[in-house]
Amino acid sequence: MKIQGYLFSGIALFMLGAAIVYGLWSKEPVGTTALFLSFSLAAMIGFYLVFTARRVDTGAQDRKDADVADDAGELGFFAPHSWAPLVLALGGLTAFMGPVFGWWLAFFTAPLLAIGLWLWVFEFYRGENQNQ
């Protein structure tokens, strides 16, 4: 996990340099802001991964003498299926169509987003996956 943290930290430093050079050279605020936001996103992910790597056991990817077989086994629990992302995507689609077709579309979007969020949060509290 430490390797991934260093990778994202390097990407963050590259984005910071690119944002500074782009901002000074072009004097264009939108692209400069986007590059600074990309820097901050990569820095947050890198910080999280490096910080978390200190608290968990060393993985096979962090050792130079590791084999491929050292990383075999169960990696975690993943949801088998879920309809909630589809409902949330439809809610996001209608939310972004709101400014185009009219703000009245927000009245249909809010319940769709609320239902999708409810399904996603409580998907393991009912049905066949209740005991997961």
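Which helix do the buried residues of α2 pack against?

## Helix α2 and its partner

They pack against α1 (2-26). Packing here rests on contact, meaning heavy atoms within 4.5 Å. The buried residues of α2 are Gly31, Thr32, Ala42, Gly46, Leu49, Val50, Thr52 and Ala53. Buried means under 20% relative accessible area, with exposed over 50% and partly exposed in between (1.4 Å probe, protein chains only).

Helix α2 covers residues 29-55. At 1.5 Å a residue, its 27 residues should span 39 Å, and its end C-alpha atoms are 39 Å apart, which agrees. The expected span is 1.5 Å times one less than the number of residues.

## Basis of the model

This is a predicted model, where local features need pLDDT of at least 70, side-chain atom pairs count only at pLDDT 80 or more, and totals for chains, interfaces and linings use all residues. Residues are numbered from 1 along each chain as its sequence is written, and side-chain values use heavy atoms, leaving out hydrogens and water.

## Overall fold

The protein has 4 helices and 0 strands. Helices (H or I, at least four residues) and strands (E, at least two) are DSSP runs, numbered from the N terminus. The radius of gyration is 21 Å, well over the 14 Å that the globule rule gives for 132 residues, so the protein is more spread out than a compact globule. That radius is taken over C-alpha atoms; the rule is 2.2 Å times the number of residues to the power 0.38. The C-alpha trace spans about 55 × 55 × 20 Å along its principal axes.

## Burial

Of the 132 residues, 20% are buried.
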